[in-house]
Amino acid sequence: MQFQQLQYFVAVAEARHFTRAAGLVHVAQPSLSQQIKALERELGADLFLRARGNITLTAAGEALLPLARRILADAETARHEVQELVQLRAGRVRLGATPSVCTGLLPDVLRAFHDRYPGVRLLIEEGGSHDLVRELARGALDLALVVLPLPSPSPALTTVELLREDLVVVSSPEAPRPGAGRRAVRVAELEGERLVMFRHGYDLRELTVAACRAEGFEPDFAVEGGEMDAVLGFVRAGLGVAVVPRMVAARSGRGLRVTPLAPPGLHRTIALAHRSDVAPPRAARELQRMLLER
């Protein structure tokens with residue numbers, strides 16, 4: 001019994017017509033008929049009652065049909081699974097992330113992923129959550145690490161909370177400690193500080209400005225418009241202080257003083273997002289697993 005014969009048998013059983021079935025499987029009708037007859041000889045039973053314009057299944061054909069469909073489905077599953085495994089030896093993952101997440105969370109996870117799957121290309125796009133959600137929606141990204149709540153919630157996206165991270169104040173060790181030298185600074189005490197502020201569209205900018213306004217004051221910007229590396233560099237130079245994620249501050253090395261925010265402090269929630277209507281590729285699902293298990 002040959003796999004191809006089962007394909008032809010199922011096609012005839014569903015079309016109830018040899019010529020139409022031959023068209024469905026892209027083979028000449030005489031070849032299809034010969035293969036069906038060979039299958040019947042192999043099984044020792046007729047599978048079809050052949051009458052002009054009326055093809056029906058025999059009892060043997062009725063018994064074979066669900067089995068043949070299952071065999072064909074299992075073969076397709078096997079082919080798909082092998083292709084999925086092959087994708088982990090090649091393929092790509094398109095991952096979007098906010099710049100602070102790229103600096104703080106991703107390096108260790110991406111190194112572990114690359115060590116395990118060196119053939120998979122990692123394409124990283126940095127941007128604010130709003131931009132990343134838009135790129136996910138149009139299919140330009142497989143996964144994105146975004147800050148919750150999303151600027152414009154979309155029912156087309158699935159999000160899984162990854163971590164809740166504290167924000168801290170960083171300053172130059174050569175400048176006075178913010179908050180009058182106390183071990184922790186309250187948001188209200190930032191009113192007397194000059195801030196180094198991120199560009200528009202940065203989630204951290206919006207969060208910090210909203211927290212200051214909730215305390216009744218507008219923040220005073222010494223410098224604004226930078227990306228994460230530029231903001232940290234300006235702080236090291238003593239131009240002002242900045243509010244950044246604790247993970248970023250911990251990775252930033254020397255030249256920065258880190259001061260916690262006094263309770264209740266400021267926090268942000270990082271989530272992993274992907275489209276709800278399209279399953280991520282196998283390689284992207286593996287990266288997703290590693291991020292969730294980190």
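Author: Residues are numbered from 1 along each chain as its sequence is written. In this predicted model, local features need pLDDT of at least 70, side-chain atom pairs count only at pLDDT 80 or more, totals for chains, interfaces and linings use all residues, and side-chain values use heavy atoms, leaving out hydrogens and water.

Reader: What radius of gyration does the protein have?

Author: The value is taken over C-alpha atoms, and the globule rule is 2.2 Å times the number of residues to the power 0.38. The C-alpha atoms fill a box of roughly 95 × 35 × 30 Å along the principal axes. A compact globule of 294 residues would come near 19 Å, but the protein has 31 Å.

Reader: Which residues of helix H9 are buried?

Author: Buried means under 20% relative accessible area, exposed over 50%, and partly exposed in between (1.4 Å probe, protein chains only). Helix H9 covers residues 228–236, and its buried residues are Met228, Val231, Leu232 and Val235.

Reader: Why do the buried residues of H9 line one face of the helix?

Author: The directions compared run from the helix axis to the C-beta atoms. Seen down the axis of H9, the buried residues line one face because they fall within an arc of 95°.

Reader: Which residue follows H9?

Author: Its phi is positive, near 85°. The residue is Gly238.

Conventions. Helix = DSSP H or I, 4+ residues; strand = E, 2+ residues; numbered from the N terminus.
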